[in-house]
Amino acid sequence: MIALVNDKIAFISHPKASLHRMPFPKPHLESFENPLRYQMAERYLEQSGVLSDMIRVKAPRATLKDPLLVHSPYLVDTVEMMSEIGTGQLGESAYASPDLIRAALLTVGGSMKGVDMVLAGDVKHAFVLMRPPGHHASTSNAMGLCYFNNVAIATKHALQDKTIHRVSIIDFDDHHGNGTSEIFYTNPDVQYISFHEYDFENFGLGHYDEVGYGNGKGTNINIPLLETSPDISYESAINRIMIPAVKSFNPDLIMVSAGYDAHYADPVGNMDIDSRTYWRFGREIDKIVSITNARGSVWVLEGGYNPFTIGPSIHASLEGLSGNTQPILEDQIDREVNKLIVDSNDEIIGKVLETIKAFQKK
Ligand SMILES: [Zn+2]
């Protein structure tokens, strides 16, 4: 018997999400999170034809109450007030512009809309192409180009639905999502899995020993990979850690912090992957939805700072989510693989598995 399955994907965006811009010239980090990355990605996706089967949605604006689902009133008030002033520093690499509050609330609104559409059964997956990004924003601090934590707010919003008891967040941005990790660190209902570049010499946040605390113990899974990690290391971490961990947690919804700055041509990240890995994330997350309680997945753009590679990278993710074979795209060039890095990553993956073993159901 053929079951009727809704395989549609929503593509959520808003032209005004491109307005906010921090007042810095290149090569300042702040200059890379700019309107061009949004505009070029959207144009690429439109021209590629990948959006033709998708439901295009203009993001609604969230209210000032929505970020309070995860943030302190102090942070929300500060973002609003400094946008009115039109300038000033909110945190490390987080500066205001006159358009900040509008872009930030639209991005929160788009992320929540993605959740609403999946929960209503209108679509199986949603992709939110909006900015500014969010995964570095913690309960009370804007930082790292982020002001409101879009994915965390949308996750809390989803958990307000009586049918949603557990949410898994998969974060494949080049950087550790310290904000998301902090917000849900003691929450047993939210599983956070982060793939990121990690410096084992300086031991910042993002080590695999950070497993969550109290009732949340075991729900925070860090996969700290070495600089210049290739596609094969991601494939291994996806298969050995991500898939079994999400299956074991059995979420009702999957949220994705979709950052594309681990691309080999990214000016900020130092990893060595291309759109083939971004296709793999889409393909595997779609498959996980079919074997768990998850009703679908909602993807929200995080980093990705080469405006020429964000488009093909998202294109590949969308093909994966659609159940299509891996597309051949212009960024997929053969690059030399450093075996030492692959072997060291395999050891790290083994350590992660050993660390989280105690918390997983068989
Ligand atoms: Zn990043």
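# A walk through the model

Start by selecting Thr228, which sits in the loop between β8 (220-225) and α7 (231-249). Keep in mind as you click around that this is a predicted model. Check the backbone here: Thr228 isn't a glycine, yet its phi is positive, at about 65 degrees. Its relative accessibility is 37%, so Thr228 counts as partly exposed.

**Next stop: Met271.** Thr228 is one of the residues that Met271 touches. Show the other neighbors too; among them are Asp174, His196, Glu197, Tyr234 and His263. Met271 itself lies in the loop between β9 and α8. Is Met271 buried or exposed? With 3% relative accessibility, it counts as buried. For a sense of distance, draw a line from the C-alpha of Met271 to that of Thr355: 24 Å separates them, and the two residues are 84 apart along the chain.

**Over to a helix pair.** Select α4 (residues 100-119) and α5 (residues 150-159), whose axes are 9 Å apart and meet at an angle of about 40 degrees. That angle makes α4 oblique to α5. The crossing is right-handed. To see the contact, show side chains including Val108, Met112 and Leu119 on α4, and Ile153 and His157 on α5. By class, the contact has 8 nonpolar, 4 polar and 1 charged residues.

Zoom in on Lys26 and Pro27, joined by a cis peptide bond with omega at about 10 degrees. Pro27 is in the loop between β1 (9-13) and α1 (29-32). Then jump to Arg131 and Pro132, where a cis peptide bond has an omega of about 5 degrees; Pro132 belongs to the loop between β5 (125-128) and α5.

Finish on Ser93, in the loop between β3 (89-91) and β4 (94-95). Ser93 is not a glycine, but has a positive phi of about 55 degrees. Its relative accessibility is 13%, so Ser93 counts as buried.

Key
Residues are numbered from 1 along each chain as its sequence is written. This is a predicted model: local features need pLDDT of at least 70, side-chain atom pairs count only at pLDDT 80 or more; totals for chains, interfaces and linings use all residues. Side-chain values use heavy atoms; hydrogens and water are left out. Axes are lines fitted to C-alpha atoms, for helices over the stretch in contact, and angles run from 0 to 180 degrees between N-to-C directions. Helices (H or I, at least four residues) and strands (E, at least two) are DSSP runs, numbered from the N terminus. Angles under 35 degrees count as roughly parallel, over 145 as roughly antiparallel, 65 to 115 as roughly perpendicular and the rest as oblique. A crossing is left-handed if the near helix is turned anticlockwise from the far one by less than a right angle, and right-handed if clockwise. Contact means heavy atoms within 4.5 Å. Ala, Val, Leu, Ile, Met, Phe, Trp, Tyr, Cys and Pro count as nonpolar, Asp, Glu, Lys and Arg as charged, and the others, Gly among them, as polar. Buried means under 20% relative accessible area, exposed over 50%, partly exposed in between (1.4 Å probe, protein chains only). Lists of a residue's contacts leave out its neighbours within four places in sequence.
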